[in-house]
Amino acid sequence: RLIRRQRQMCIRDRYDISSQQDQDLTKLSSIMIGTETLSRKSSVKFLGIQIDEKLNWHEQTELCKNKISKTTYCIKSMKNTLPKNNLRTLYQTLIQPYLEYGLILWGGTHTSYLNKITKQQKRIIRIISAAKYNDHTTPLFKQLKLLKLEDLYTLNMSKFMYKANNNQLPKNLQRYFTQNSQIHSHNTRQSSHTHVNQVRTLNAANQFTQKGPKVWYELNTQI
């Protein structure tokens, strides 16, 4: 349902609506149901995901960052009481679910939005590892056997694309993924690859239907 709603909100990208036209959307007349007037919202929470009217996922990344920030205090208050393994378990229980929920939708957004969450994640990893505030976190992630946000995105998207490539997705999602051979009859090296539509806007390029195939075909074939 969440992915279907995202696709519906992205329809305007296919019609190449300009920024000027986007501004005019705010001037639309009010919508009424019976005698009730529906108020206009710049964002709405749907199944735990904050969807904004521009679909740039800024509201969702802020929501995720704030939730993680609040939970960080819990882990920090326990760092002198619990061993590292237990702190790691707390992280996987209290932090990681926020990072992974709906990640294939919002994980491809602007780097500037994601960096706020990444910094918060690194801070928590340093707390768990009892490291200094400026220690490099890559070795710490490896020691704890935990994934960075960007790696979680790649993992979740790869799982999703595996299902898409093997026709294991629900029908309403599977129809968004077709092979190049179904689009044209040219016998090319990429004829068996998932077809990626041409888009004109950055928000459209960040959709899971655009990012998914690219993530999949950039995977190391030795995995």
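Q: In which helix does Q96 lie?
A: Q96 lies in helix α5. A helix here is a DSSP run of H or I with at least four residues, a strand is a run of E with at least two, and both are numbered from the N terminus. The model is predicted, so local features need pLDDT of at least 70 and side-chain atom pairs count only at pLDDT 80 or more, while totals for chains, interfaces and linings use all residues. Residues are numbered from 1 along each chain as its sequence is written, and side-chain values use heavy atoms, with hydrogens and water left out.

Q: Why is Q96 called buried?
A: Its relative accessible area is 15%. Buried means under 20%, exposed over 50%, and partly exposed in between (1.4 Å probe, protein chains only). Q96 therefore counts as buried.

Q: What does Q96 touch, leaving aside neighbours within four places in sequence?
A: Q96 is in contact with Y91, L146 and L152. Contact means heavy atoms within 4.5 Å.

Q: What makes Q60 buried?
A: Q60, in helix α4, has a relative accessible area of 4%, so it is buried. Not counting residues up to four places away in sequence, Q60 touches G48, I49, Q50 and W106.

Q: Why are α9 and α12 called roughly perpendicular?
A: Helix α9 (residues 149-165) and helix α12 (residues 208-217) pack at about 95°, with axes 9 Å apart. Angles of 65 to 115 degrees count as roughly perpendicular, under 35 as roughly parallel, over 145 as roughly antiparallel, and the rest as oblique. So α9 is roughly perpendicular to α12. The axes are lines fitted to C-alpha atoms, for helices over the stretch in contact, and angles run from 0 to 180 degrees between N-to-C directions.

Q: Which residues make the contact of α9 with α12?
A: From α9, they include Y153, M157, F160 and M161. From α12, F208, P213, V215 and W216 are among them.

Q: Which residues have the most contacts inside the largest nonpolar core?
A: They are I75, Y91, L99, W106, M157, F160 and F177, in a core of 39 residues. Such a core is a set of buried Ala, Val, Leu, Ile, Met, Phe, Trp, Tyr and Cys residues joined through side-chain atoms within 4.5 Å. Helix α9 gives the most to this core, with seven residues.

Q: What makes β3 and β4 a pair?
A: Two strands pair if DSSP finds at least two bridges between them. Four bridges join β3 (residues 43-46) to β4, and the strands run antiparallel. V44 stands opposite I51 in β4. In the hairpin, which has two residues between the strands, L47 takes a positive phi near 55°.

Q: What is the phi of W57?
A: W57 is not a glycine, yet has a positive phi of about 65°. Most residues other than glycine have a negative phi. W57 sits in the loop between β4 and α4.

Q: Is W57 buried or exposed?
A: Relative accessibility is 3%, so W57 counts as buried. L55, in the loop between β4 and α4, counts as buried at 6%.

Q: Why does A130 count as exposed?
A: Relative accessibility is 71%, so A130 counts as exposed. A130 lies in the loop between α7 and α8. This residue has a positive phi of about 55° although it is not a glycine.
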